Amino acid sequence: MDSFEKQFPAIKKVHRNKRYVDNGKIITSAGVSAGIDASYYLMSKILGEEFTRVAADNLEYLYWNPSNNK
């Protein structure tokens, strides 16, 4: 993260302990597996938390929890 901040000084804030960030316009994730969490987050925004939780359970993705990233 230090290297990232040095390489891109125009970025105002790097969220070090977040798997994904939603700035209201763009959702970014910390990497490939964090992208799964970001996808579920986006899904929850569109379809609701309960639907997303059921979908995650059906795919046996037991790690998604919307409160983990807040």
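Three aromatic pairs are counted in this predicted model, where rings of Phe, Tyr and Trp (its six-membered ring) pair if their centres lie within 6.5 Å. Local features need pLDDT of at least 70, side-chain atom pairs count only at pLDDT 80 or more, and totals for chains, interfaces and linings use all residues of the predicted model. Residues are numbered from 1 along each chain as its sequence is written, and side-chain values use heavy atoms, with hydrogens and water left out.

**Aromatic pair**
- The rings of Phe4 and Phe8 are tilted, because their centres are 5.0 Å apart and their planes stand at 45 degrees (under 30 degrees is stacked, over 60 edge-to-face, the rest tilted).
- Phe4 has a relative accessible area of 37% and is partly exposed, as is Phe8 at 38% (buried is under 20%, exposed over 50%, partly exposed in between, with a 1.4 Å probe and protein chains only).

**Thr52**
- Thr52 belongs to helix H3, residues 49–58 (helices are DSSP runs of H or I, at least four residues; strands are E, at least two).
- Thr52 is buried, because its relative accessibility is 0%.
- Leaving aside neighbours within four places in sequence, Thr52 is in contact with Tyr40, Met43, Ser44 and Trp64 (heavy atoms within 4.5 Å).

**Largest pocket**
- The largest pocket holds about 430 Å³ of space (a pocket is an open set of points on a 1 Å grid where a 1.4 Å probe fits, with protein on both sides within 12 Å along at least five of seven lines).
- Its lining has 15 residues, with Lys13, Val14, His15, Val21 and Thr28 nearest the centre (lining residues have an atom within 4 Å of a point).
- Strands S1 (20–22) and S2 (27–29) each supply at least two lining residues of this pocket.

Terms used. Grid points are joined across faces, edges and corners, and a volume is the space filled by probe spheres set on the points.
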